[in-house]
Amino acid sequence: MNRKSLQDICCESTPSAEGLHPSRSPIHTSTAYVCDSPDTAAAILEGRKPGYAYARDGHPNSDQLAAKCAALHGAGRAVITSSGMAATSLALLSQLKSGDHVLLSSRLYGRTKTVVKELEKFGVSCSTVDVYDLEALAAVLADNSTLARQTRMLIVETISNPMLRVADLREIAGICRKADVLLTVDNTFASPIACRPLELGADLVIESLTKIMNGHGDVTLGMLCGRDDLFINMAETVATWGMTAGPFDCWICERGLSTLFLRFTAACGNALNISRQLQGLSGIERVVYPGLSTHPDHKKAASLLRDDSGKVVPGNMVTIQLTGGLPSAERFIRDCGVHFVPSLGELTTTLSHPASTSHKSMPAAEREALGIGDGIIRLSIGIESPDYVVGAIRDALVGLDFQGVSNVR
Ligand code: PLP
């Protein structure tokens, strides 16, 4: 039988736990389930028997959403967690022990770095590495130092925030495999429509479902999927650490996922259209989008970011650098019809200012070295008409005095 397409997996409805098949999934809000006997309850809770006993240990809405996410990623197993950060914590807690070392890509979501650093008090150390320099990465892991021997995991984002660097996951996975290091990929900016890291050799994949997977800005959820042998006792870890997601959020997200393929591909088309229109506007020094030939990872994006029909889908995030730094950014945000929202992946276009939000805790010099100056604005492109978004941006640019740069068109 043919493998189902990503679009079909998104749209498909799932049979309910009772074997009924309503056309859309019902919500099971109960926190506990009536069990035949104490033995049955124990067997369910210990995972020896299928079924449900206590919602923190598992419930149908979470399992249905997990099954859909696993299918999208071509994974044997997936679990749903109460946030993207809970999924990251789960990857760490389930795989690491005291004495282990974690390598972090130098371009990671700030909170991911923070949570790994928190593990220092439990004897887990970490350091950063430039994963876009494959030779340097191979050298770090080939090195027979104590650190290289202690390294258990590398964490990388498929598309980084906000400069949208694309990680060469196939090559990185090869380097990790040789060094016996687990490759954990945060795929939030790509979604499984653009990238399925397990197919490229990753061991674990994290999605913040809060973002484009749900896509409507109305739930906070996460997902972890990966190799079957890494998932032994995973559900128990979720329940024990209290990372379980609520049924209503899972139900909402399953509904959001139904349109993921359509939303994501439409938003990618808009992102390319908008990024082309923004290039050359006075007041914008640089437009960063992996779909543009000017992006340093344009070729990598064309090879790694594809849907299952092979169409290149370089994501829905576009970053612009305004002329004039912080004062320009502040006025632009104030005057722009696109909403400033410190998140991404919503139905409509939103903007964010990394220097004052996601990268606020980073020392300015370090931030600048990564190209994330005060004039950087990150756009999360939605599915409204691209001309509306470009119009709102043009309007916000008009009249700004970019330190003497004429903005008259
Ligand atoms: N990973 C990335 C790339 C993110 O941008 C975020 C949040 O912004 C997270 C993970 C954490 O997700 P959540 O907010 O659902 O905990």
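Start by selecting Val156: across from it, in strand 5, stands Val185. Keep in mind that you're looking at a predicted model, where local features need pLDDT of at least 70, side-chain atom pairs count only at pLDDT 80 or more, and totals for chains, interfaces and linings use all residues. Residues are numbered from 1 along each chain as its sequence is written, and side-chain values use heavy atoms, with hydrogens and water left out.

Now colour strand 4 (residues 151–157) and strand 5 (residues 182–186): they run parallel, joined by five bridges. Strands here are DSSP runs of E, at least two residues, and helices are runs of H or I, at least four, numbered from the N terminus.

Zoom out to the open sheet of seven strands, ordered 1-7-6-5-4-2-3 with mixed pairing. Strands pair if DSSP finds at least two bridges between them. At the edges, pairing on one side only, sit strand 1 (77–81) and strand 3 (125–129).

Next, pick helix 6 (residues 134–142) and helix 8 (residues 169–179), whose axes (lines fitted to C-alpha atoms over the stretch in contact, with angles from 0 to 180 degrees between N-to-C directions) are 10 Å apart at about 10°. The two helices are therefore roughly parallel (under 35 degrees). Show the contact (heavy atoms within 4.5 Å): Leu134, Leu137, Ala138 and Leu141 of helix 6 meet Glu171, Ile172, Ile175, Cys176 and Ala179 of helix 8.

Last stop: Asn214, in the loop between strand 6 (204–208) and strand 7 (222–226). Is Asn214 buried or exposed? Its relative accessibility is 1%, so Asn214 counts as buried (under 20% relative accessible area, 1.4 Å probe, protein chains only). Among the residues Asn214 touches are Ile252, Cys253 and Arg263.

Methods
Buried < 20%, exposed > 50% of the residue type's maximum accessible area, 1.4 Å probe, protein only. Parallel < 35°, antiparallel > 145°, perpendicular 65-115°, else oblique. Lists of a residue's contacts leave out its neighbours within four places in sequence.
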